[in-house]
Amino acid sequence: MRLRTPTTRLLGHARLVFTLTALVPTILMAALGIVLLAAGPSPSIAVVAGILVLCFCAVGLAGYTIGTFFVTRGASLASLQNEFLALVSHELRTPLTSIRMFIDTLREDRVHDPEQRQHCLAVIHQELKRLDGLVARIIDLSKIEHQHMLFRRQVIRVDDIVADALAAFDAVKVGGEVALDVKVAPNLLVMGDRTALAQAVGNLLGNAWKYTPAEGKSIALAATSDAKHVAITVTDNGDGVAGSERDTIFDKFQRGEAASHRGSQGSGLGLAIVRAVVEAHRGKVDVKSDGTHGARFRILLPRHKEAA
């Protein structure tokens, strides 16, 4: 059973009151208008009165329809907000629980071996970094979605975006082996924020790294274009994306089956940030996969052409 929050209950009551005060009188007035048209003592007066009543009813029905739309939309937004808060609470609780457990262990002096104490401290430090990263991502995503984060608008070379993303990717893989194939067409330009777009491409590379097999990792990064758009694609040889997940994988806190099977850590915000950044640059992002082997993520941006 789903619990109804005070906001949801209030919107439900508002919808009921709105129905009783707008729809019921409109129906009664419509009935009166029909009666006047059908059985009025004076035909001319009855016709005019009936038409006026029916016009009033039409306006009332239009107002009811528009009002119902906004009340329903408000209820949907409240539901999404409550779901988002629940997911945030769950994601924050996991590292906090781990931190509290190890702090209690050290505080109660249950561990005497110096190496084990160092291990506890290392886990606490790792979980604090994870918590800090999660909070930072939530803040960044919120700023982007509410248009509070100002992106620079300048002409950028796509190969510079790719270079920045690859530099960030080097820190992610830290000495790991991967067959990385990079192909960038020359003279590709886009308009936007270099740092944000590099972060978006870097998030795709990081996901490809996490969800490919430990042995034989293969990732391809390519940038191509047509007359109007620049396409930046990241292709991997991982487990792929199931068809049922392709529409939801870019939502906040959504992690695919591959993440569950591999037990890899993550906040479920990386792809949501990619979509928010790309859409803020008037582009789009999509994924193509047969659901069993490999996936191809594509960022599509408007191409900028320098004046002749």
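## The sheet

Let's start with an open sheet of 5 strands, in the order 2-4-5-7-6 and with mixed pairing. Strands here are DSSP E runs of at least two residues, helices are H or I runs of at least four, and both are numbered from the N terminus; two strands pair if DSSP finds at least two bridges between them. Strand 2 (179–184) and strand 6 sit at the edges with a single partner strand each, so one side of each has no neighbour in the sheet.

Strands 4 and 5 run antiparallel, joined by 7 bridges. Leu-221, for instance, has Val-234 in strand 5 as its bridge partner.

## About the model

This is a predicted model, where local features need pLDDT of at least 70 and side-chain atom pairs count only at pLDDT 80 or more, while totals for chains, interfaces and linings use all residues. Residues are numbered from 1 along each chain as its sequence is written, and side-chain values use heavy atoms, leaving out hydrogens and water.

Leu-205 touches (heavy atoms within 4.5 Å) several residues beyond four places away in sequence, among them Phe-169, Leu-221 and Val-234.

## A buried histidine

His-281 lies in the loop between helix 7 and strand 6. At 3% relative accessible area, His-281 counts as buried (under 20%, with a 1.4 Å probe and protein chains only). Its side chain reaches the backbone nitrogen of Asp-193 at 3.0 Å.

Definitions and conventions:
Buried means under 20% relative accessible area, exposed over 50%, partly exposed in between (1.4 Å probe, protein chains only). A polar contact is a pair of N or O atoms within 3.5 Å; within protein, one must be able to donate a hydrogen and the other to accept it, and residues adjacent in sequence count only if both atoms are side-chain atoms.
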